[in-house]
Amino acid sequence: MRALTVRPGRKDSLEVRRLPDPSPADGELLVRGLAVGVCGTDHEIADGEYGWAPPGRDRLVLGHESLGRVERAAPDSGFAAGDLVAGVVRRPDPVPCGACARGEFDMCRNGRYTERGIKEVDGYGCELWCVESDYAVRLPAHLESVGVLVEPTSVVAKAWEQVERVGGRSWFEPRRVLVTGAGPIGLLAALLGTQRGLEVHVLDRVTDGPKPPLVRDLGAVYHTDDAAQVIEKVCPDVIVEATGAGGVVLAALTGTARYGVVCLTGVSPAGRRVTVDAGSVNRDIVLENDAVVGSVNANLRHYGQAADALAKADPAWLERLITRRVPLGRATEAFRREPDDVKVVIDL
């Protein structure tokens, strides 16, 4: 089979190679890969900034945003040949910590988890892959062209769950949400906001291309003004921050309405300094009973929520979210950023 591989820690090592076909172990499904999405983490691994190869090897099969069709499944697995599936990314640590022992491996406390296509376990960027049936999620057949969006949607589903759990510490009835950033995570966060019946606003820098109409066609409002000005104007009950830009993050921290919740999903680059009045930030958060929470990754429950959200969404809108498809044989082209890219997918 062909697979997209990389040598973690080494820039420009991305290469499609031929590898032996995998053989499923007991409890595993054999899956024919259909597509794999490319995200910022994949770019970081390809640039040599991140990632770990499996023990004893120097190359990693890349790809954690998966979509495939079951070729072989055990009779008692709950799956059958022909099922459309996505594979969960993270696996619990072997100790395990208390969170991992309870199925909350996205909240691992000791960092010894592994991740498909990222940390010590091969990913889904290959023509055939195996996955434990306990870490596979079945998708409706009509999601075949867009089911690769399940993994990023699972990240957003978890973020919304965190917002609602934090808000649930007292009476919580949010009406307005501001999503900062109109990349895949931001747009999917906006989708789930509209599905909750909220008034949704999205902030991004670009004024043309696919992002503004994607936001408007959700029934949401698109903004391109300064972050602080937009936040003051909207006065959102919830902010889902998906840029990681320091100035936007700081504006978000104190920009919600009273008893607001800010959920940070964007990872900020280190080394960029922003001057801030820490006392003012502290005062606003304390006196308004605000909350700030970070959220990353997802567990099996969130994948199920993601599949449900995509199944309810307009398929044509989801199709437009995928702005470029690249065949596996030319997979390196998927890592060349283009101005109108939203989600880039590699067809397997």
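Tutor: Two strands are treated as paired if DSSP finds at least two bridges between them. Helices (H or I, at least four residues) and strands (E, at least two) are DSSP runs, numbered from the N terminus. The model is predicted, so local features need pLDDT of at least 70 and side-chain atom pairs count only at pLDDT 80 or more, while totals for chains, interfaces and linings use all residues. Residues are numbered from 1 along each chain as its sequence is written, and side-chain values use heavy atoms, without hydrogens or water.

The sheet is open and has three strands in the order β7-β8-β9, with mixed pairing. Its edge strands are β7 (90-91) and β9 (120-121), each of which pairs on one side only. β7 pairs with β8 (residues 114-116) in the antiparallel sense, over two bridges. Arg90 has Glu115 of β8 as its bridge partner.

The next strand to consider is β10, which contains Leu128. Leu128 is buried, with a relative accessible area of 7% (buried is under 20%, exposed over 50%, partly exposed in between, with a 1.4 Å probe on protein chains only). Contact here means heavy atoms within 4.5 Å. Residues up to four places away in sequence aside, Leu128 touches Met1, Asp21, Pro22, Leu30, Val31, Arg32, Gly33 and Glu71. Gly68 is 60 residues from Leu128 along the chain, yet their C-alpha atoms are separated by 8.6 Å.

The description of the core rests on a set of buried Ala, Val, Leu, Ile, Met, Phe, Trp, Tyr and Cys residues joined through side-chain atoms within 4.5 Å. The largest nonpolar core has 94 residues, and the members that touch the most others are Trp160, Phe335 and Ile346. A second, separate core has 11 residues, among them Ala227, Val230, Val234 and Ala251.

Which residues does Trp160 touch, not counting those up to four places away in sequence? They are Val177, Ala189, Leu192, Gly193, Arg196, Leu198, Val238 and Val240. Ala189, Leu192 and Gly193 are also among the buried residues of helix α4. Gly197 follows α4 and has a positive phi, near 80°.

Two loop residues complete the account. Ser295 lies in the loop between β17 and α9 (300-312), and Ser295 is buried, with a relative accessible area of 6%. Apart from neighbours within four places in sequence, the contacts of Ser295 are Lys158, Ala159, Gln162, Cys263, Leu264 and Thr265. Asn289 is found in the loop between α8 (278-287) and β17 (291-294). With neighbours within four places in sequence left aside, Asn289 is in contact with Arg169 and Tyr259. Thr41, by contrast, is 248 residues from Asn289 in sequence and 33 Å from it in space, C-alpha to C-alpha.
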